[in-house]
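Morning, everyone. I have one model to walk through today. Have a look at it first, then we'll go through it piece by piece.

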Amino acid sequence: MKVFLIASILSLVGSCATEKYSTKIQNLKDNIKISDTTTIRSYANTITSTELKNLLYTYASKEFEGRGTGEEGQKKAANFLKTYYVSQNISSPINDSVYFQSIPKSYFPDDIKATENVVAYIEGIEKPEEVLVISAHYDHLGIEDDQIYYGADDDGSGTVALMEMAQAFKMAAKDGFGPKRSILFLHLTAEEIGLQGSRFYTENPIFQLSKTIANLNIDMIGRVDAPHENNSNYLYLIGTDRLSKELHLLSEKVNETFFNLDIDYRFNDEDDKNRYYYRSDHYNFALHNIPVIFYFNGEHEDYHQPTDTPDKINYPLLEKRTQLIFATAWQLANRENRLILNENM
Ligand SMILES: [Zn+2]
C-alpha cells in the first residue's frame, strides 16, 4: 500500500513536470514572431539558380584541382573567394584586405601544408559584437591517382550558397536593411581531413565564442538522395534542437512561413548510426555550447567520388534551400533576443 502510494505521488509529480515542460515549449513557440517577411522575400529572391550555377561551374572546375587542403587548387579557391568578396564590397572582419585566417603547417600532422580559412562579414548595426556564423567548408579531396575530385556537391554547393547569401545581405544593407548583429561568412578549410579548419577557428575565434549566437553550417545541399527520389522538395536538418529548442522552433517557423520544404530529421536522432551530427564543422561550435543547424542533402552515389560534378546539381533546389538558410539567418541576426539554451529553460 505504501509503495503504491509513493509510486502514485511520483507519477503525479512526473506528469505535472511534463506538463510544465510542454507549456514552456508552447510558450516558446508562441513567442516566435517572423519579422520582415516582405523584405526577406525580396532579398531571398536575389539568390538565383542561374547565379549559383555560374559560380559552381567555375568553383568545381578543373582549375581548382579538387581543392585538397594546402595544395595549389585550394589556394586558387581561397583567392577566388577573396576576389569575389572584394568585388562585392564585402569586407573582412580581420582587416580590410586580409580575408585569410592562416593555419600554420605545424598545426597539422606531417604531410599537410599550411592552409587558411576564408572570412568575410557584414557588420551588425545595433550589436556588432554579437555574431551569427554561416559556414561551409571549401576544401575537398584534391587529386588522387590522377583523378580530380571535383566536390561540386561536397561542398561546392555550400560554398556558392554562402557567396550568394553574402551578396543578398550586402544588397539589403546597402538599401538600409543591415542586420542588427554581425554575420560572419566562414569558408572553412581542412574539413575533409578531420574538421581541422573549424577546430582552428574555434580555438582562435575572430569574434568571441561567448558572443557567437549560432552556427548555420552547410555541407552538401545540391543533390537528392535515394530515399527522396520521388520527393526532392526536402532537406535534412541535424542538431536543431540539441542545444536550443528555440532554434528548432524558429527554424520550423521560417520554413512554414516561406518555403514548405519537407524537413527530414531522421539524422538528428541521437542514435543515428551515421553520426552525421559529429561529422561536419558545426560540431566544433556545438562543443562550445553554440546552437547549430547542419543542412545536408544526404549521401548519393557520387559522394566522395570524382563524379561529384556540377552537371549533377539540382539548381532550382539548391536555390530554394539556400533561400531557406538565408531567411533563417535573417531572423537570427535580427531578432530581439539571443536564443534560449535548453540548459536555461
Ligand atoms: Zn563535406
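How many bridges join S1 to strand S2, and do the two run parallel or antiparallel? There are four bridges, and the strands run antiparallel. Keep in mind that this is a predicted model.

Stay with S1, residues 100-103. Its side chains alternate. Gln-101 and Ile-103 point to one face and are buried. Across in S2, which covers residues 115-122, Asn-117 is the bridge partner of Gln-101.

Now the annotation. An unreviewed UniProt entry lists residues 117-327 as "domain: Peptidase M28". That span is 30% helix and 23% strand. Its end C-alpha atoms lie 25 Å apart.

Next, the core. The largest nonpolar core has 87 residues. Leu-132, Ile-134, Met-165, Ile-183 and Ala-329 touch the most other members. Take Ile-183. Beyond four places in sequence, its contacts include Tyr-121, Ile-122, Phe-169 and Ala-333. Leu-132, Ile-134 and Ala-329 are also in contact with Ile-183.

Finally, the whole protein. We have nine helices and 10 strands. The radius of gyration is 21 Å, close to the 20 Å from the globule rule for 345 residues, so the protein is as compact as a globular protein of that length. The C-alpha box is roughly 75 × 45 × 45 Å along the principal axes. Buried residues make up 47% of the 345. Of the contacts with a separation of 6 or more, 83% are between residues 24 or more positions apart.

Methods
Residues numbered from 1 in each chain as written. Predicted model: local features only at pLDDT ≥ 70, side-chain atom pairs only at ≥ 80, totals over all residues. UniProt positions renumbered as here; feature names shortened; annotations may be inferred. Buried ≥ 20, exposed ≤ 12 C-beta atoms within 10 Å, placed from the backbone. Pairing = 2+ DSSP bridges. Core = buried A, V, L, I, M, F, W, Y, C linked by C-beta atoms within 7 Å. Contact = placed C-beta atoms within 7 Å. Rg over C-alpha atoms; globule rule 2.2 N^0.38 Å.
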